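My notes follow in the order I looked things up.

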Amino acid sequence: MDLQDYLTAIVFGAIIGVVARIVLPGRQSIGIIPTVLIGMGAAVAGTWVADRWELHSDNLFTVTGRTFDWAVVGVQVGIAVVGVAIAAVLAKTFTTDRDSD
């Protein structure tokens with residue numbers, strides 16, 4: 001892997017994380033860095049899950065010379081939605097709210 005592969009993974013992870021936050025209803029009180037990290041993790045986990053269970057389609061799209069499978073991207077976004085939801089619940093649980101006193 002070269003530098004371009006790492007940059008592509010970061011950008012793609014950020015996009016997946018943002019899409020997950022858009023798909024998930026309600027407000028999530030997590031920042032952009034956790035969103036990107038969740039997206040990156042979801043991209044890796046989604047690729048693994050799709051390969052493991054052979055979840056591939058014939059519907060492909062190309063971005064900057066790299067080809068992506070819509071089914072794999074769907075799995076990645078699904079995993080990212082779950083990750084963002086868990087992070088939002090944890091952030092809310094561990095945030096001290098002094099206004100309720």
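Entry 1: Which element gives the largest share of the lining of the second largest pocket? I looked, and H1 does, with six residues. H1, strand E1 (60-63) and H3 each supply at least two residues of that lining. The space in this pocket comes to about 200 Å³. I counted 13 lining residues, and the closest to the centre are Phe-12, Ile-15, Phe-61, Val-63 and Phe-68. Then I sorted the lining by class. I found 11 nonpolar residues, two polar ones and no charged ones.

**Entry 2: the whole chain.** I stepped back to the secondary structure. There are three helices and two strands. From the N terminus on, I read the order as α-α-β-β-α. Along its principal axes, the C-alpha trace spans about 55 × 30 × 20 Å. The chain has 101 residues, and 31% of them count as buried.

**Entry 3: confidence.** I looked up pLDDT next. The mean for the chain is 85. I see that 91% of the residues reach 70 or more. Which element has the lowest mean, and which the highest? H1 has the lowest, at 83, and helix H3 (residues 70-94) has the highest, at 91. I keep one caution in mind: where pLDDT is low, the predicted coordinates should not be read in detail.

**Entry 4: Arg-21.** I picked Arg-21, which lies in helix H1. Is Arg-21 buried, exposed or partly exposed? Its relative accessible area is 23%, so Arg-21 is partly exposed, as it falls between the 20% and 50% cut-offs. I left aside neighbours within four places in sequence and listed its contacts. They are Gln-28, Ile-30, Gly-31, Thr-35 and Val-84. Two of these partners also have a polar link to Arg-21. A polar atom of the Arg-21 side chain lies 2.9 Å from the backbone oxygen of Gln-28. The Arg-21 side chain also makes a polar contact with the side chain of Thr-35, at 3.0 Å.

**Entry 5: Thr-35.** I followed that contact to its other end. Thr-35 lies in helix H2. Along the chain, Arg-21 and Thr-35 are 14 residues apart, and their C-alpha atoms are separated by 8.0 Å. Thr-35 has a relative accessible area of 1%, so it counts as buried, the cut-off being under 20%. Leaving aside neighbours within four places in sequence, I find Thr-35 in contact with Gly-13, Gly-17, Val-18, Arg-21 and Ile-30.

**Entry 6: Gln-28.** Where does Gln-28 lie? I found it in the loop between helix H1 (3-23) and helix H2 (32-52). Is Gln-28 buried or exposed? It is buried, because its relative accessible area is 7% and buried means under 20%. The Gln-28 side chain reaches the backbone oxygen of Leu-24 at 3.3 Å. Not counting residues up to four places away in sequence, Gln-28 touches Arg-21, Val-84 and Ala-88.

**Entry 7: two exposed residues.** Glu-54 lies in the loop between H2 and E1. Its relative accessible area is 67%, so Glu-54 is exposed, the cut-off being over 50%. I checked its backbone as well. Phi of Glu-54 is near 50 degrees, a positive value in a residue other than glycine. Thr-67 is found in strand E2 (residues 66-69). Thr-67 counts as exposed because its relative accessibility is 52%. Not counting residues up to four places away in sequence, I find that Thr-67 touches Leu-60, Phe-61 and Thr-62. One of these, Phe-61, I had already noted among the residues closest to the centre of the second largest pocket.

Methods. Residues are numbered from 1 along each chain as its sequence is written. This is a predicted model: local features need pLDDT of at least 70, side-chain atom pairs count only at pLDDT 80 or more; totals for chains, interfaces and linings use all residues. Side-chain values use heavy atoms; hydrogens and water are left out. Helices (H or I, at least four residues) and strands (E, at least two) are DSSP runs, numbered from the N terminus. Buried means under 20% relative accessible area, exposed over 50%, partly exposed in between (1.4 Å probe, protein chains only). A polar contact is a pair of N or O atoms within 3.5 Å; within protein, one must be able to donate a hydrogen and the other to accept it, and residues adjacent in sequence count only if both atoms are side-chain atoms. Contact means heavy atoms within 4.5 Å. pLDDT is the predictor's confidence in each residue, from 0 to 100. On a 1 Å grid over the protein atoms alone, a cavity is a set of points where a 1.4 Å probe fits but cannot get out, and a pocket is an open set with protein on both sides within 12 Å along at least five of seven lines; lining residues have an atom within 4 Å of a point. Grid points are joined across faces, edges and corners, and a volume is the space filled by probe spheres set on the points. Ala, Val, Leu, Ile, Met, Phe, Trp, Tyr, Cys and Pro count as nonpolar, Asp, Glu, Lys and Arg as charged, and the others, Gly among them, as polar.
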